[in-house]
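Dear colleague,

Please find the structure below, together with its sequence.

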Amino acid sequence: MIIMAEHAGFCFGVKRAVDAISESLKSHSEVWTIGLPIHNPQEVSRLESLGLRVAENDSEIPDGAKVLIRAHGEPLEVIERLKRRNIHVEDMTCPFVRKAQEKAAMLSREGYYVVLLGDKNHPEIKGITGHVEDVRNSEVIADEKEADNVQYHAKTALISQTTQREERLERIAGILVGKSSELRVCNTICKATAQRQEAVRELVRNNHVDGVVLIGGKSSANTGKLRDILESEGVNVLWVEDEEETEQNSEWFNDKIMVGIAAGASTPEWLIDKIKNIIAAKQEAQGVLIH
Ligand code: SF4
């Protein structure tokens, strides 16, 4: 039997950006993004076959080209540089990421020391940092240990990467409250992330699953967080990117009667359907009743 997590696959922000790229490619032979538009190699290949070009940085993009800013957003200076070069910019920064950028810009202007909770190498955090008025008046922390090392500042603002877990944000806020006379905490964690995280918890807690197949790109931060939650629930997880990887792990399915399926916010629906069909076929071959 197969049971799907209630919320799985493309979130609002990713769907909006991918739809905009597909739409743009109907009228442009080439459309550029800076960095991968989505942490899912299969969807990127599909878009590349239609004319998507992925640049490592803005200097690679030819003058006059069309660029879509991906859902993760970009630092302000990058967007300004593109516009100076007569590059047509369509900004598809996710509105939830935009909110975090705006909070960072506003609170840094108001004199707050900005602490960003997240992964400093993640493009979303780089983009948010790129909206802080004075970057020397900010820092990125990954966890409670790094929060312990934050110095005292009279006014501190805590802003979260959209994919963080709320429990961690609360714990970090608890640490920082003793390091400031005034602490502003902005819960910029997006609902889509929380929904997918809650959905995997419910999938495991409300059903006697023998294991969960998690579908998503290996570099997808939000899929990684789903894996952490599933493992903390003590469930056996098979994280696969594509059909091939699912087939390669055939043995994993041997003793599994009830298989859960979960997917990160960057996993396209067509890929979920394909993998679901493969799992159903495996179960049918094993004589498991299909739901
Ligand atoms: S996970 Fe949330 S913040 Fe990130 S792109 Fe999706 S909807 Fe936007």
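How do the residues of the lining of the second largest cavity divide into nonpolar, polar and charged? There are 3 nonpolar, 3 polar and 2 charged residues, where Ala, Val, Leu, Ile, Met, Phe, Trp, Tyr, Cys and Pro count as nonpolar, Asp, Glu, Lys and Arg as charged, and the others, Gly among them, as polar.

Please note that this is a predicted model, in which local features need pLDDT of at least 70 and side-chain atom pairs count only at pLDDT 80 or more, while totals for chains, interfaces and linings use all residues. Residues are numbered from 1 along each chain as its sequence is written, and side-chain values use heavy atoms, with hydrogens and water left out.

Cavities

The search of the whole structure returned 2 cavities of 30 Å³ or more. A cavity is a set of points, on a 1 Å grid over the protein atoms alone, where a 1.4 Å probe fits but cannot get out; lining residues have an atom within 4 Å of a point. Grid points are joined across faces, edges and corners, and the volume is the space filled by probe spheres set on the points.

The second largest cavity has a volume of about 40 Å³. Its lining consists of A192, T193, R196, Q197, N222, K225, L226 and A265. Two helices, α8 and α9, each give two or more residues to this lining, and α8 provides the largest share, 4 residues. Helices are DSSP runs (H or I, at least four residues), numbered from the N terminus.

The largest cavity holds about 330 Å³ of space. It is lined by 24 residues, of which C11, V14, H72, T163 and N222 are the closest to its centre. At least two lining residues come from each of α1 (12–27), α4 (95–109), α8 (191–205) and α9 (221–232), with the largest share, 3 residues, from α1. By class, this lining has 13 nonpolar, 10 polar and 1 charged residues.

Domains

The chain is divided into domain 1 (2–8 + 192–285), domain 2 (12–92) and domain 3 (96–189); the bounds come from an automatic or database domain assignment. The C-alpha centres of domain 1 and domain 3 are 32 Å apart. Their contact (heavy atoms within 4.5 Å) takes 7 residues from domain 1 and 6 residues from domain 3. Between them, domain 1 and domain 3 bury about 600 Å², 52% of it on carbon and sulfur atoms; buried area is the accessible area (1.4 Å probe) that two parts lose on being put together, summed over both. The count between domain 1 and domain 3 is 1 salt bridge, defined as a side-chain nitrogen of Lys or Arg within 4 Å of a carboxyl oxygen of Asp or Glu. The side chains of E167 and R201 meet in a salt bridge at 3.4 Å, N to O.

Yours sincerely

Note on methods
On a 1 Å grid over the protein atoms alone, a cavity is a set of points where a 1.4 Å probe fits but cannot get out, and a pocket is an open set with protein on both sides within 12 Å along at least five of seven lines; lining residues have an atom within 4 Å of a point.
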